[in-house]
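Subject: Handover of a structure and its findings

Dear colleague,

Please find below the structure that I am handing over to you. My notes on what was found in it follow directly after.

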Amino acid sequence: MSTSSSSAAERDFRRDFLKIFFIFFLVLLICLSIFFLNHDENNKYTVQTLELNGSAEEGDALFKINCVGCHGITARGLVGPDLHSITQRLNDKEIIKQVTGGLTPPMPSFEIDPVNMSNLLEYLHSLE
Ligand code: HEC
């Protein structure tokens with residue numbers, strides 16, 4: 001009697017364990033696919049941006065609208081740092097990540113299409 005009830009409990013336990021394991025596995029799979037899809041999207045965006053030849057004048061206009069509040073009208077720095085010679089310290093990929101990533105508050109993340117992002121990059125390259 002006692003052996004049969006303990007093996008029933010064991011079976012229950014195994015079933016619960018499998019259920020939990022299965023759910024855990026599903027959640028892990030979903031997280032991983034979201035991560036990789038996102039990663040792929042980011043890569044596509046960066047590749048697209050870097051293929052374009054931006055216009056420094058257009059980038060200047062964009063900078064005046066979006067960035068001067070923190071980086072100053074001549075990009076000499078205010079709340080945010082001076083961006084002159086930034087392109088010597090950061091490569092284009094890193095700058096794209098900085099602008100679109102929102103990883104360093106208080107600087108917000110910007111949703112900029114690849115054309116305008118390449119214009120901004122060109123403008124930053126024009127700063128000495
Ligand atoms: C709300 C204020 C704010 C706005 C608006 C803003 N930034 Fe920033 N930015 C910052 C701050 C603060 C930092 C420094 C973050 C840190 O501590 O790394 C920064 C850092 C940067 C850096 C890296 C500088 C370095 O020395 O590593 C770049 C490049 C940059 N910003 C570009 C831009 C561009 C381009 C825009 C407009 C599209 C913009 N920022 C708009 C506040 C701002």
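Predicted model: local features only at pLDDT ≥ 70, side-chain atom pairs only at ≥ 80, totals over all residues.

A polar contact here is a pair of N or O atoms within 3.5 Å; within protein, one atom must be able to donate a hydrogen and the other to accept it, and residues adjacent in sequence count only if both atoms are side-chain atoms.

Residues are numbered from 1 along each chain as its sequence is written, and side-chain values use heavy atoms, with hydrogens and water left out.

His84 is found in the loop between helix 3 and helix 4; helices are DSSP runs of H or I with at least four residues, numbered from the N terminus. The relative accessible area of His84 is 16%, so the residue is buried (under 20%; exposed is over 50% and partly exposed in between, with a 1.4 Å probe and protein chains only). Apart from neighbours within four places in sequence, His84 is in contact (heavy atoms within 4.5 Å) with Thr74, Ala75, Arg76, Leu127 and Glu128.

The ligand

Which residues are closest to the ligand? They are Cys67, Cys70, His71, Arg89 and Met107, out of 18 residues that surround the ligand, each having a heavy atom within 4 Å of it. Helix 3 (68-71), helix 4 (86-89) and helix 5 (92-101) are the elements that give two or more residues to this shell. A polar side-chain atom of His71 is placed 2.8 Å from a nitrogen atom of the ligand, and one of Arg89 is placed 2.4 Å from a ligand oxygen atom. By residue class, the shell holds 12 nonpolar, five polar and one charged; Ala, Val, Leu, Ile, Met, Phe, Trp, Tyr, Cys and Pro count as nonpolar, Asp, Glu, Lys and Arg as charged, and the others, Gly among them, as polar.

Cysteines

Of the cysteines named above, Cys67 is buried at a relative accessible area of 12%, whereas Cys70 is partly exposed at 36%. The count of disulfides (cysteine sulfur atoms within 2.5 Å) is zero.

Aromatic pairs

The whole structure contains four aromatic pairs; rings of Phe, Tyr and Trp (its six-membered ring) pair if their centres lie within 6.5 Å, with planes under 30 degrees apart counted as stacked, over 60 as edge-to-face and the rest as tilted. Phe17 and Phe21 are stacked, at 6.5 Å centre to centre and 20° between the planes. Both belong to helix 1 (residues 2-51) and sit four residues apart, about one turn of the helix. Phe21 is partly exposed, at 48% relative accessible area. The pair of Phe35 and Phe36 is edge-to-face, at 5.3 Å and 80°. Phe13, Phe17 and Phe21 make up one aromatic cluster.

Helix 6

Asn116 lies in helix 6 (residues 114-126) and is partly exposed, at 24% relative accessibility. Between Asn116 and Gly54 there are 7.5 Å in space, C-alpha to C-alpha, and 62 residues in sequence. Ser118, also in helix 6, is buried at 5%. Leaving out residues up to four places away in sequence, Ser118 touches Thr49, Leu52, Asn53 and Gly54.

With kind regards
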